[in-house]
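Me: Can you take a close look at one part of this structure with me? I'd like a single connected walk-through.

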Amino acid sequence: MNMKLIGCRLAMSCIVFSGLLFSCSQAHVAKEYVDYVNVFIGTGGHGHTYPGATLPHGMVQLSPDTRLFGWDGCSGYYYADSSIIGFSHTHLSGTGIGDYGDILMMPTSGENKFMVSGNPEDPDSGYRSRFSHEEENAVPGYYKVRLSDYEITAELTAALRTGFHRYIYPEGKAANLIIDMEPTIHGHQHPVTEIKVINDTTISGMKYTTGWAKNHYVYFYAEFSQPFTYTLYSGDTLVKEDFVKAKTAKALLTFVPGQKTKEVLVKVGISSVDCEGARKNMRADIPGWDFDKTVADARKIWNKELSTIDIKTDDNEQREIFYTALYRTAISPCIASDVDGRYRTMEHTIVQDSSYTNYTLFSLWDTFRALHPLYTVIRPEINQAFIRTFLKKYDESGVLPKWELASNETGTMIGYHAVSVIADAFFKDQRDFDVNKALAACVRSSTYDTIGITPMMPASIVARIMPPELKYKNELGYVPADYCGRSVSQGIEFAYNDWLVARMAKALNQKEIADMYAERGKYWRNYIDPETRLMRGRNMDGSWVEPFDPRATFKGSCYVEGNAWQWSWFIPQDVPELIKEMGGKEAFIAKLDTMFSMPSDLTGDSGAALDITGMIGQYAHGNEPSHHIPYLYNYVDEAWKTQALVDSILYTLYQDDPDGISGNEDCGQMSAWYVLNSMGFYSFCPGVPLYEIGRPLFDEVVVQLPENKTFVIKARNNSKENKYIQSVKWNGLPLSEPRFSHQLLARGGVLEFEMGREPNKELFRTY
């Protein structure tokens with residue numbers, strides 16, 4: 001474990017706020033769930049997480065920015081950096097593409113020499129400041145750092161739609177604050193920004209960015225606890241008015257001297273609607289100036305969120321990894337409605353509907369696999385609210401969201417996995433949404449038709465939402481590799497999605513749709529190469545792509561962020577048929593064994609392999625297509641191999657360290673995988689209400705279910721060495737299969753494991 005982080009967390013348990021005291025002795029007597037969260041996990045390596053302050057699914061993510069460019073700048077913060085640019089109010093958690101980083105504020109002291117941020121190689125070239133991790137602390141909902149160049153202590157906390165800053169300035173020096181609308185993560189263009197000084201304690205403004213989200217609006221309304229004088233800039237040009245509208249609007253505030261201790265508080269409400277919405281959000285969230293109360297409120301909210309799962313273990317490191325992972329699963333999707341019910345639609349109109357809550361940031365290619373299935377267990381009500389948002393966005397844009405961000409469809413990644421989230425909830429009897437509209441939306445989103453999509457969606461995005469691959473798939477039964485890139489990955493994910501549509505249609509007595517989509521759900525078979533028994537690209541004339549290297553990965557290949565070894569197993573909807581196509585049970589086992597034991601070397605383009613990390617043989621845990629593969633052994637009477645693999649992944653590919661995640665955290669997916677698997681089960685095929693049994697990591701887990709029910713998991717004789725299941729019972733009765741239903745879980749009860757050092761190879765055997 002990183003010793004600096006230990007120091008940070010010990011320091012946090014002894015922090016004295018004015019009016020709040022968290023003593024060391026109190027922390028040791030009665031720790032709360034938030035005390036086990038290490039917000040710095042994933043801020044190093046390629047995790048792309050941020051350590052700043054937010055609430056569960058909050059609109060505001062107030063966090064420090066240390067870099068704005070490069071792949072490891074996607075969240076704005078990177079643990080290896082040594083200087084801070086400032087503190088902005090919006091951030092993405094764990095993505096592989098950068099955006100946000102809006103409304104940056106930076107306190108400075110003394111004579112202000114710069115209105116540019118400078119560069120990390122030479123912090124003195126701009127207003128950024130050096131800092132040390134020894135003087136940086138954070139827990140959920142609170143962040144603190146000392147800006148050493150300015151001798152300023154900066155503290156951040158957040159309410160649902162409002163960021164709250166507290167700055168302690170040194171005595172004897174001018175106290176300044178820069179508002180810079182220029183910085184945007186990954187340097188996206190911002191054609192229009194505005195700053196307006198309302199009075200000597202209030203400023204508002206707007207930023208319009210054309211980035212990953214093609215039309216992104218952020219409005220803000222900021223109130224200060226101390227009066228200020230100001231200078232406005234358009235770029236580096238002085239503006240002698242109280243309003244500036246420019247490509248790059250900036251403000252330099254200097255607080256009126258006089259107080260003994262130079263403490264300045266700043267409340268910043270944000271909105272995607274207008275400045276009035278931001279003002280209302282701020283006033284509703286934080287009506288007064290009690291910073292410590294807001295910190296305490298955030299702590300209380302996070303404790304409640306994390307209390308949904310209680311674990312018992314003597315392994316403190318795994319406890320911290322678990323609660324940090326659970327914390328990450330509650331960051332996004334994010335609320336996108338103002339307190340008065342107004343929100344920005346996919347058509348970029350403003351609508352008011354207080355009966356509906358709008359959400360944004362749906363990384364569905366990642367999160368359909370584990371994050372949304374986890375919600376069906378611990379937060380089914382919010383998962384159904386997300387589905388209602390899907391359907392509202394379908395009404396507004398003409399299709400279901402694919403990778404939606406700030407009321408913009410980005411078209412990123414493949415498949416149409418809103419279908420998976422909808423079907424998973426549907427078949428778990430969580431149907432607080434219009435199921436018939438949901439089916440119609442699933443059919444529309446899987447049908448190639450560029451008509452009827454909102455004109456606010458650029459043609460380049462429409463081409464990703466309605467790719468020609470859909471047309472080829474439906475007409476030919478496969479996606480031709482010589483006409484389309486990523487053909488295999490797209491084809492087999494389409495087949496999974498279509499199979500789910502067929503199931504829903506059958507359940508809703510739509511026989512014609514059910515029959516059509518059931519046939520399309522079988523199209524994955526067209527990619528099985530009878531010679532290699534792997535998924536391989538086919539050309540328009542039906543021939544196989546040549547040459548074929550199963551370990552190769554390169555841009556424009558038949559696979560998305562992976563190779564044939566990683567993609568040949570994504571048939572979770574029909575494993576028995578996959579086993580048959582791969583030559584039968586023994587051949588299937590042999591091929592699985594080969595994949596997990598062969599060298600991890602990749603061939604082809606190293607630039608296309610950035611996401612292929614966390615390797616065990618050719619299994620790549622750092623990217624989502626592999627996440628279900630260890631559980632395939634459950635289908636061939638070798639469940640003990642699943643248990644060993646899950647154990648290895650949990651212990652070696654998740655660490656209590658900045659570099660503690662083996663790939664991009666991906667908006668909660670990597671964390672949700674850990675949460676589910678460490679409890680002992682996994683959502684192998686979302687849309688089928690079954691959970692595969694793996695390896696329970698903790699001695700006892702208590703999951704709070706709706707209607708005051710509990711789901712308890714007990715692991716007897718459990719230890720790091722005793723990773724193999726000897727027996728398993730549900731409410732005292734033996735389970736005959738390595739899986740159980742969601743309906744069983746939802747009723748509440750006790751799942752009890754007996755663990756041992758050696759595998760019980762007879763357990764679950766079907767012969």
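In which loop does Val 34 lie?

Reply: This is a predicted model, where local features need pLDDT of at least 70, side-chain atom pairs count only at pLDDT 80 or more, and totals for chains, interfaces and linings use all residues. Residues are numbered from 1 along each chain as its sequence is written, and side-chain values use heavy atoms, with hydrogens and water left out.

Now to your residue. Val 34 sits in the loop between helix H2 (24-29) and strand S3 (53-54); helices (H or I, at least four residues) and strands (E, at least two) are DSSP runs, numbered from the N terminus. Is Val 34 buried or exposed? Val 34 counts as buried because its relative accessibility is 1%. Here buried means under 20% relative accessible area, exposed means over 50%, and partly exposed is in between, using a 1.4 Å probe and protein chains only.

So what does Val 34 touch, leaving aside residues up to four places away in sequence? Its partners are Pro 140, Arg 299, Trp 302, Asn 303 and Leu 306, where contact means heavy atoms within 4.5 Å. Take Arg 299 from that list: Arg 299 and Val 34 are 265 residues apart along the chain, yet their C-alpha atoms are separated by 7.0 Å.
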